[in-house]
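Dear colleague,

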Amino acid sequence: MIRILHVITDLGVGGAEAMLHKLIAHRDHQKFIHVVISLMNLGVIGTRLQAEGIEVFTLDCRHRLPTWRTIRKLRDLARQIRPDIIQGWMYHGNLAAWLVRQFAPGRPPLIWSIRQSLDRLSNEKWLTRGVILANAGLSRQVDVVAYNAQRSREQHQAIGMSGKTSLVIANGFDTNLFSPSPMARATIRAELRIPDTVLLVGLIGRFHPMKDHHGFLQAAAELVRHRDDVRFLMAGDGIDWKNPLLDKWIKQLKLAENLYLLGRRDDISHLTAALDIAVSASARSEGFANVIGEAMSCGVPCVVTDVGDSAWIVGDTGLVVPPADPQKLAEALRTMVTIAPEKRQQLGILARERMLGEFSIQQIVTRFEALYAALIG
């Protein structure tokens with residue numbers, strides 16, 4: 001059995017955390033044992049992993065930078081777990097994984113996982129900029145740097161990210177969980193009291209500047225001026241009426257009657273399958289947006305901004321617009337709601353076929369496990 005130790009910044013709800021969970025959940029149980037260290041707390045994903053029998057350690061770091069106490073804990077865990085391979089996730093987790101390798105018996109192979117694009121280093125907070133540059137400086141000591149997007153690899157290598165080997169392994173999706181579902185569509189619409197004749201446009205993702213919820217709302221307001229048969233759904237951490245900034249934007253744009261704010265939900269596969277059109281409005285930093293793959297897997301056509309590999313993921317199954325341009329986003333949404341229902345349905349079918357052909361979770365797990373076996377071999 002090969003023992004993989006994952007070191008990740010935290011285990012809250014996010015794209016990297018979700019991908020780690022899927023990688024472990026779909027592992028080859030006969031060949032691989034996975035152990036996880038979270039620099040911060042247990043979070044939603046950590047709780048799920050523990051419920052599935054995975055050993056998870058938390059360090060409860062408050063500032064994401066290792067203290068002497070944290071370093072001692074990492075040292076003790078490295079010696080206790082005795083991993084065959086160490087895999088870091090995200091910038092802070094990568095640095096911590098490098099530290100763990102210094103203490104681990106036998107100095108096992110080290111993989112870094114980078115899960116976002118890097119349009120401009122100046123977009124990041126000063127502390128994160130320092131951590132990114134530290135990643136670049138130490139990357140020559142890393143066996144493999146694994147990106148989830150080609151554009152991400154190009155951008156990081158431009159600032160000096162090295163690694164003995166770099167490769168791209170895209171995000172993978174459970175195409176059984178995320179699949180077309182007339183029942184989910186009917187259930188969600190009944191819950192929200194949305195007539196079947198109304199088109200439902202959705203943006204799912206936590207409240208964060210990089211997701212550009214404001215731009216999405218501006219585009220929605222523009223579309224409402226031309227169509228009265230469209231409603232908008234938003235869900236994710238911080239996406240509720242208690243969010244003062246979100247509440248302010250919605251009132252300014254007079255969207256309250258056309259919009260549903262659902263907060264964090266545990267039925268994302270059902271919400272996604274209920275949509276007619278899915279949107280990723282991110283202004284920056286996305287590598288491979290999970291929400292795009294999940295929507296396409298559900299047979300829902302997408303309108304996305306050209307950030308990270310979003311345009312490549314969608315291909316000819318949806319529409320792509322420049323980031324941070326609400327007017328262009330509104331025009332694309334207007335195009336998508338205007339086309340015949342049969343055409344939208346065909347785009348959805350093509351989108352799901354693309355997910356099945358290139359991005360199923362089993363295909364992606366197989367690639368990671370082949371990487372693990374090659375490093376051990």
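This is a predicted model: local features need pLDDT of at least 70, side-chain atom pairs count only at pLDDT 80 or more; totals for chains, interfaces and linings use all residues.

Residues are numbered from 1 along each chain as its sequence is written, and side-chain values use heavy atoms, with hydrogens and water left out.

Lining residues have an atom within 4 Å of a point; the second largest pocket has 17 of them, with Arg185, Leu275, Asp276, Gly299 and Gln345 lying nearest its centre. Both α7 (182-192) and α14 (341-358) supply at least two residues of this lining, and the largest share, 6 residues, comes from α14. Helices (H or I, at least four residues) and strands (E, at least two) are DSSP runs numbered from the N terminus. By class, the lining of this pocket has 9 nonpolar, 4 polar and 4 charged residues, with Ala, Val, Leu, Ile, Met, Phe, Trp, Tyr, Cys and Pro counted as nonpolar, Asp, Glu, Lys and Arg as charged, and the others, Gly among them, as polar.

The structure also holds 1 cavity of 30 Å³ or more, a cavity being a set of points where a 1.4 Å probe fits but cannot get out. The volume of the largest cavity is about 80 Å³, and its lining includes Gly202, Thr272, Leu275, Ser280 and Cys302. At least two lining residues come from each of β8 (199-204), β11 (277-280) and α11 (290-297), and the lining has 9 nonpolar, 3 polar and no charged residues.

Turning to the helices, α3 (residues 68-81) and α4 (residues 90-103) pack at an angle of about 55°, with their axes 8 Å apart; axes are lines fitted to C-alpha atoms over the stretch in contact, and angles run from 0 to 180 degrees between N-to-C directions. That makes α3 oblique to α4, since angles under 35 degrees count as roughly parallel, over 145 as roughly antiparallel, 65 to 115 as roughly perpendicular and the rest as oblique. The contact (heavy atoms within 4.5 Å) is made by Ile71, Leu74, Arg75, Ala78 and Arg79 of α3 and Ala96, Leu99, Val100 and Phe103 of α4.

Helix α4 also packs with α5 (residues 126-138), at an angle of about 45° and with axes 9 Å apart, which makes α4 oblique to α5.

Best regards

Technical notes
On a 1 Å grid over the protein atoms alone, a cavity is a set of points where a 1.4 Å probe fits but cannot get out, and a pocket is an open set with protein on both sides within 12 Å along at least five of seven lines; lining residues have an atom within 4 Å of a point. Grid points are joined across faces, edges and corners, and a volume is the space filled by probe spheres set on the points.
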